[in-house]
Amino acid sequence: MTSISSFLSKATRTVLWRTGLGRKAAARYWTNRAEGAGFRYLYRETTDVFADVPTQFADPVFTKFIAEDNKRWTMQESFVVEVDDVLLEPERLLGIRAGREVVEQTVVYKHDRQYPYILPYLLRPANTTKLATAIWYDGSATRNYFHHLVDALISLQQLERSKLPLDTPVLITKKMYDTVYFQYLYQRSAQLRQLNWYVVGDQEWVQVKKLYKLQTAPYSPAAWRTMRELYAMPDVKPWRKVFLNRDRNRYGRYLDNEQEVVDMLKRHGFEEMFAENLTIEQQAQLFQETEYLVALHGAGMIQQFFMNYAHSHVIEIMPRNYLQPLYYWQAYTMGLKYYDVIVGGDMRDGKEYPVDVAAVEAAVERMLGNQHPGRVYGLTELPAVSAVS
């Protein structure tokens, strides 16, 4: 009966969310709150992170797009906030305060607005776990590597500023704690294992007297270098040329003239790889060993994180009607030696799109022939500085 009830509950949620009825009901029921009574910022700073990011690329469409998006997202905030009397629901650790207030700092996916589910909240158990203090770490971000890095792990940069004791409970849902992303880091990082992780059970509601939420500006270069250090990666001199493709049987955003691109890249010494077919250990090793990467835009590109920044060269291919800045921002923030982008045609129905093979080959030849001692982003050559690896 429990499994049937759980299935019906999830099915009902899906229907309500896809029809928009659930979102409308939740928006009326809950009030979002980020400051005011019960909120106290112990540290708060806004940084202009994209002021100097180059915006000149061979493709004028991407040039215009990245210049506008840089301006839109350049002001990013770091903070340590203390929130009084927060009830955390078990599924995503969304924070709830009296008066049906949702603590905005516990909402990870703001573009796809998250709210606590109303019925489980009304039927919650009378007995909740009570903690005097706790640090909010992850309720849903670790479901993919990109958000694991920019919404969860990077937040630990503010631990020192919080001035909290090292034995303060650090809250993470069991689902997120068990993910391959978190466990891969946890097994590698003695520093991470020293923290007092409190794994919230699947049905456990937690009441915290003083909840602390930490945030670091997502594209702070120093923060990304510190995150990399947590993984204790060996220093590998890269040598591989890799075309990171996407499995069209599992994902959209693939090339409809894929074979032409594969054949051309193989002539230049590239091997075709699919990150989704590798374990996380194999993915990390692949990117450590890769010197020249041509990749379709997709979540696998977050693994640039593991490359040798002083030697890494990256070309990203993306559809014209799905331009994304994330992996360029990441490449620049980490200090990758070389990044360029090729914009293909329009993606059809969220699936296939074409790319000009000649344009890709010209970009590959520029990349392979690059002799500039500094970093190169599109058409911009930066002067040589001390290498970051």
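These notebook entries record what I looked up in a predicted model of a protein chain.

**Entry 1. Ground rules**

I worked with a predicted model, in which local features need pLDDT of at least 70 and side-chain atom pairs count only at pLDDT 80 or more, while totals for chains, interfaces and linings use all residues. Residues are numbered from 1 along each chain as its sequence is written, and side-chain values use heavy atoms, with hydrogens and water left out.

**Entry 2. Domains**

I began with the domain assignment, whose bounds come from an automatic or database source. The assignment gives domain 1 (37–51 + 76–226) and domain 2 (233–382). The centres of the two domains, taken over C-alpha atoms, are separated by 32 Å. I noted that 12 residues from domain 1 and 15 residues from domain 2 take part in the contact, where contact means heavy atoms within 4.5 Å. I then looked up the buried area, which is the accessible area (1.4 Å probe) that two parts lose on being put together, summed over both. Between domain 1 and domain 2 it is about 1,400 Å², and carbon and sulfur atoms give 80% of this area.

**Entry 3. Helix α14**

I next turned to helices and strands, which are DSSP runs numbered from the N terminus (helices: H or I, at least four residues; strands: E, at least two).

Which residues of α14 are buried? I found V357, V360, A363, V364 and M367, with buried meaning under 20% relative accessible area, exposed over 50%, and partly exposed in between (1.4 Å probe, protein chains only). These residues cover an arc of only 125° around the axis, which puts them on the same side of α14; the arc is that of the directions from the helix axis to the C-beta atoms. I recalled the general rule that an α-helix has 3.6 residues a turn, so residues three or four places apart point the same way. The cover over the buried residues of α14 includes α11 (258–267), β13 (290–296), β14 (313–318) and β15 (338–343).

In strand β15 I looked up D340. D340 has a relative accessible area of 3% and is therefore buried. Beyond residues up to four places away in sequence, D340 touches F57, V314, I315, E316, A363, R366 and G378. One of these, A363, is among the buried residues of α14.

**Entry 4. Helix α13**

How many of the nine residues of α13 are buried? In this helix (residues 326–334) eight are buried, and the helix is mostly covered. The buried residues are Y327, Y328, W329, Q330, A331, Y332, T333 and M334. Among the elements that cover them are α3 (60–73), α5, α10 (221–230), β14, β15 and β17 (376–377). G335 follows α13 and has a positive phi, near 90°.

H147 counts as buried because its relative accessibility is 16%. Its contacts, leaving aside neighbours within four places in sequence, are Y109, A141 and A152.

D85 has a phi of about 50° and is found in strand β3 (residues 75–88). L93 has a phi of about 55° and is found in the loop between β3 and β4 (95–97). Is each of them buried or partly exposed? D85 is partly exposed, with a relative accessible area of 36%, whereas L93 counts as buried at 0%.

**Entry 5. Strand β12**

My last entry concerns E272, in strand β12 (residues 271–273). E272 counts as partly exposed at 27% relative accessibility. Leaving aside neighbours within four places in sequence, E272 is in contact with F243, N245 and V262. With N245 there is a side-chain to side-chain polar contact of 2.8 Å; such a contact is a pair of N or O atoms within 3.5 Å, and within protein one must be able to donate a hydrogen and the other to accept it, while residues adjacent in sequence count only if both atoms are side-chain atoms.
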